[in-house]
Amino acid sequence: MTRFLAASVCLGLLVAVPVQAQPSNTAQQPAPKRMTTAMGVTKPPTSTYNRASTESDMLKAQKVSAARDKAWDRKMRTTMGSICLGC
């Protein structure tokens with residue numbers, strides 16, 4: 001009898017805990033501002049980047065990449081030059 005009573009109390013607690021764990025207020029977080037086009041397509045929020053800064057960052061990255069590639073090629077020519085003369 002005590003086992004049945006203990007099992008029913010545990011089962012009652014297991015059912016009651018998830019119900020109590022839910023928040024009591026139903027206020028929702030405000031959604032980020034999204035744009036909707038005339039065709040009804042939802043667009044992501046506008047970014048803080050402007051075209052000029054993006055292009056300048058891209059040019060800087062291209063220059064750094066070109067310098068890194070030249071350094072790699074120079075290193076490979078000196079180390080592999082004695083092995084392979086085909087390049």
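This report covers the confidence, secondary structure and solvent exposure of a predicted model, and then turns to one residue, Thr36.

## Model confidence

The model is predicted. Averaged over the chain, pLDDT comes to 75, and 61% of the residues reach 70 or more.

The lowest mean pLDDT among them, 67, belongs to helix H1 (residues 2-21). The highest, 89, belongs to helix H2 (residues 51-80).

## Secondary structure

The chain contains two helices and two strands. Along the sequence, these elements follow the pattern α-β-β-α. Strand S1 covers residues 35-36.

## Solvent exposure

The chain has 87 residues, of which 0% count as buried.

## Residue Thr36

Is Thr36 buried or exposed? Thr36 counts as exposed because its relative accessibility is 56%, and the cut-off for exposed is over 50%. This residue lies in strand S1.

Which residues does Thr36 touch, leaving aside those up to four places away in sequence? Its contacts on that basis are Val41 and Thr42. Thr36 is thus a strand residue that counts as exposed and touches Val41 and Thr42 beyond its sequence neighbours up to four places away.

Technical notes. Residues are numbered from 1 along each chain as its sequence is written. This is a predicted model: local features need pLDDT of at least 70, side-chain atom pairs count only at pLDDT 80 or more; totals for chains, interfaces and linings use all residues. Side-chain values use heavy atoms; hydrogens and water are left out. Helices (H or I, at least four residues) and strands (E, at least two) are DSSP runs, numbered from the N terminus. Buried means under 20% relative accessible area, exposed over 50%, partly exposed in between (1.4 Å probe, protein chains only). Contact means heavy atoms within 4.5 Å. pLDDT is the predictor's confidence in each residue, from 0 to 100.
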